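Okay, thanks for coming, everyone. Let me put the structure up on the screen, and then I'll walk you through a few spots.

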Amino acid sequence: MTFIWLWTDFLLWLLFALSIYAVIKIRQNDLLLQKWKIIFSQPLALSAFIVFSFYILIGLTDSLHFRFNNDTITYSVLDRVLLPALEADERTYSTPLNYEQFSKEYLDSGLRGRAHLNLVSAQISTPGENYSQIFSLSIQALIYSIFSIFLLVFFSKKILSINPNTKTNRVAFVTLFGVIFFCIWAILMMPNYHILGTDKAGIDVFYKAIKSVRTGMIFGLLTTILALPPAIVLGLMAGYFKGKTDDVIQYIYTTISAIPGILLIAALVLILQVYMDEHASDYASSLERSDLKLLLLCVILALTSWTGLCRLIRAETLKLSELEFVQAAKVFGVSNIKILFNHLMPNVMHLVLISIVLDFSGLVLIEAVLSYVGVGVDATTMSWGNMINAARLEISTDPVVWWPLASSFIFMFILVLSANLFADRVRQVFDPKGDTDA
Amino acid sequence: MWTYILRRALYSIPILLGVNLITFLLFFMVNTPDDMARIQLGTKHITQSDVHSWKEEKGYNKPLFLNTNQSGAAILTDTIFYQKSIPLFQLDFGHSDSGRNINKDINERMWPSLALAIPSFIIALITNIVFAMWMVMLMGTKLERFTLILSVALMSISGLFYIIIGQKIVAGLWHWFPVSGYQSGMESWRFVLLPVLIGVVAGLGAGVRWYRSIFLEEINKPYVNTARAKGLSEQQVLFKHVLRNAMIPILTGVVVVIPSLFMGSLIMESFFSIPGLGSYTIDAINAQDFAIVRAMVFLGSVLYIVGLLLTDISYTWVDPRVKFK
């Protein structure tokens with residue numbers, strides 16, 4: 001078995017390591033620790049964070065790729081978990097949790113026996129039997145998850161001495177229970193059912209929706225992170241050095257933001273596509289090719305989106321550099337680079353944090369739009385945008401095929417909603433101007 | 001004031017030059033005319049002479065920046081950069097790679113775009129402000145908290161969801177509106193109504209929150225207390241005093257997009273098959289027609305800069321304190 005590191009895998013794990021490092025740093029800083037405690041004291045923000053972490057976990061398990069010896073297929077850890085759904089070889093549509101195929105001919109002519117799904121046990125042949133199996137599996141999942149949440153509450157009380165009886169912690173445990181129940185239920189169901197049905201080619205929709213989490217995560221996280229270095233460095237320089245430097249940097253970001261964002265992205269992606277088509281032989285596998293395209297797409301979005309944050313940091317630095325502590329540092333002969341990065345940068349980090357959390361959700365939504373416009377991720381990459389694009393016309397067929405579309409929208413909605421709710425709280429706590437209610 | 005406007009207008013020239021240079025680098029350096037020729041001619045069985053004649057026909061057969069075969073000013077002018085960039089400044093977009101006259105297309109397709117964009121813009125503006133005001137009035141109540149979370153939920157839903165579901169439910173079930181298409185003249189409102197409605201709903205969450213934050217910043221200022229102390233009703237305080245004072249931050253965000261309404265909406269127009277500039281651009285992207293995409297990028301930048309200029313001018317109109325330096 002050999003591990004395969006794709007570019008985005010590496011970057012995502014690097015990001016994870018960096019955030020662990022950031023947590024350690026925050027724990028050493030009383031002021032910051034206090035602020036984060038305020039953030040998590042709001043039940044809504046805490047449960048949003050738990051849901052968000054769950055998505056991150058899915059994204060990370062999907063970012064460990066390996067290949068068995070004498071095998072040509074590359075799996076991720078998540079693929080192995082989802083193996084039953086991946087390997088079931090269905091022919092066409094089926095509705096969620098059904099035991100039969102869904103297609104017009106079968107429904108009309110009543111040829112029920114022939115349309116049985118491969119994944120579902122052959123003993124199930126009536127809706128009643130189907131419901132009772134779903135019911136018994138769900139009860140099993142419920143029992144397991146109640147058991148595990150009790151264990152969790154017990155241990156967090158004994159070992160971490162967390163009091164489960166405050167309002168915030170109660171909400172947190174209820175959210176955790178929801179997440180655990182979902183996991184156990186999905187794992188129990190997967191070998192027996194297509195949880196969210198199958199699509200036109202007979203591929204499991206649940207599998208596609210879960211696999212898309214990684215794409216959405218990478219799109220949102222990598223892009224925001226890639227946009228940070230130019231925004232921070234140029235913003236600080238413009239605000240601190242003023243004069244000519246300021247003029248040049250202002251000119252650069254005004255020019256870039258003058259070009260309509262989506263058109264600039266479209267143009268860059270078109271060019272990228274032409275380039276990649278011409279150099280198609282340079283990539284070892286289609287997986288590597290689509291992965292590189294995803295990464296470059298993030299770079300392109302970052303190139304067009306750093307200007308907003310840069311403008312904010314410049315304005316803040318202009319104010320800060322007039323303050324006494326900067327003047328004092330100058331008088332003491334501290335070098336410009338040290339002033340920029342040791343004295344000024346920590347004081348604009350709240351803007352950086354706010355922009356990371358606020359931009360994330362917008363980027364996840366944009367991914368779908370870009371795929372629709374035809375300048376999104378590679379067609380072989382699983383993403384919610386590609387799912388929506390493929391399922392767009394199915395909604396107008398008769399009978400309506402609603403589940404691929406609904407699944408992608410719901411998975412996307414939950415991620416974006418939790419990110420937005422958390423972002424709201426972060427902004428409220430860190431932005432001195434932000435409203436304090438709610 | 002006129003000198004101020006003139007100075008601002010002159011300031012935008014280097015920006016437009018920059019935009020032009022960036023788009024040129026993108027479209028001609030990264031992606032050479034040879035590549036373009038291959039795309040337009042199809043990928044199979046192309047000889048070098050096919051590529052050559054295509055480039056000659058479209059005027060892409062010159063050097064990029066410097067023509068060393070010429071003498072005098074022609075070293076600079078007889079190049080692709082000069083030939084393809086200078087006409088843009090006169091808003092002469094030339095011909096598309098498939099041979100269509102871009103200016104003529106823009107003139108035709110501008111109107112459907114405007115028919116969709118202007119009502120959407122105005123209705124969204126009014127709805128957002130009214131809802132935001134209403135939320136400010138509810139301040140401190142349970143209902144306010146509910147509307148806040150609702151607006152976060154609304155803005156977390158993909159815009160594509162609103163369009164697909166809106167099209168399905170409203171047009172499919174009730175047969176009130178045509179699902180898609182366009183007809184110019186008086187009949188156009190029937191085609192535009194549904195996309196306008198969907199556009200307003202889709203933007204409601206984010207819009208309301210933005211206006212609300214602006215109003216909240218105003219509401220804590222002393223003049224509001226004075227107005228309340230005078231015994232004015234809450235409606236009068238909000239709509240007469242707060243709204244007027246909030247005009248500056250509102251204008252900053254709003255005026256800048258007005259000229260860009262010309263460009264139309266990429267997604268809306270192509271979903272509802274409205275033959276505006278947005279769907280024109282999408283078609284060009286799908287057909288990889290770089291001449292059109294480049295023209296639209298340039299036009300978009302010009303309109304954005306006009307928007308910035310209008311923003312500055314509008315400040316003086318709402319706030320006499322603003323003086324031009």
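Let's start with a bend. Helix α9(A) has a kink of about 30 degrees at Leu228(A), and that kink comes shortly before the proline Pro229(A). Keep in mind that what you're looking at is a predicted model.

So what does the rest of that helix look like? Helix α9 of chain A runs over residues 205-241, which is 37 residues, and at 1.5 Å a residue it should span 54 Å; the end C-alpha atoms are 54 Å apart, so the two agree. And how many of the residues in α9(A) are buried? The count is 31 of 37, so I'd call the helix mostly covered, given that a residue is buried if 20 or more other C-beta atoms lie within 10 Å of its own.

Now follow the chain off the end of that helix. Just after α9(A) you get to Lys242(A), in the loop between α9 and α10 (243-258) of chain A. Lys242(A) isn't a glycine, and yet its phi is positive, about 55 degrees.

Let me zoom out to chain A for a moment. It has 16 helices and three strands. Its C-alpha trace spans about 85 × 60 × 45 Å along the principal axes. Of the 438 residues in chain A, 39% are buried. And if you take the contacts in chain A between residues at least 6 apart in sequence, 72% of them join residues at least 24 apart.

What about those strands? They form an open sheet in the order β1-β2-β3 (chain A), and the pairing is antiparallel. At the edges stand β1 (2-4) and β3 (74-76) of chain A, each with a single partner strand, so one side of each has no neighbour in the sheet. From one strand to the next, the twist averages 40 degrees. If you look at β1(A) against β2 of chain A, residues 65-67, you'll find three bridges. Phe3(A), for instance, has Phe66(A) in β2(A) as its bridge partner.

Okay, over to where the two chains meet. Here 37 residues of chain A are in contact with 40 residues of chain B. Several helices of chain B supply at least two residues each to that side, among them α1 (2-30), α9 (188-219) and α15 (290-318). Sorted by class, the side of chain B that touches chain A has 26 nonpolar residues, 11 polar ones and three charged ones.

Ala115(B) sits in helix α6, residues 102-137 of chain B. With 20 other C-beta atoms within 10 Å, Ala115(B) is buried. Which residues does Ala115(B) touch, leaving aside those up to four places away in sequence? Those are Ser188(B) and Val192(B). There's also Gly264(B): it is 149 residues from Ala115(B) in sequence, but 9.3 Å away in space, C-alpha to C-alpha.

Last one: Ser273(B), in the loop between α13 and α14 of chain B. Here's another residue that is not a glycine but has a positive phi, about 45 degrees. Ser273(B) is partly exposed, with 13 other C-beta atoms within 10 Å.

How values were computed: Residues are numbered from 1 along each chain as its sequence is written. Chains are lettered from A and ligands numbered from 1 in the order in which they are written. This is a predicted model: local features need pLDDT of at least 70, side-chain atom pairs count only at pLDDT 80 or more; totals for chains, interfaces and linings use all residues. Helices (H or I, at least four residues) and strands (E, at least two) are DSSP runs, numbered from the N terminus. The expected span of a helix is 1.5 Å times one less than its number of residues. The bend at a residue is the angle between axes fitted to the seven residues ending there and the seven starting there. A residue is buried if 20 or more other C-beta atoms lie within 10 Å of its own, exposed if 12 or fewer, and partly exposed in between; C-beta atoms are placed from the backbone. Two strands pair if DSSP finds at least two bridges between them. Axes are lines fitted to C-alpha atoms, for helices over the stretch in contact, and angles run from 0 to 180 degrees between N-to-C directions. Two residues are in contact if their C-beta atoms, placed from the backbone, lie within 7 Å. Ala, Val, Leu, Ile, Met, Phe, Trp, Tyr, Cys and Pro count as nonpolar, Asp, Glu, Lys and Arg as charged, and the others, Gly among them, as polar.
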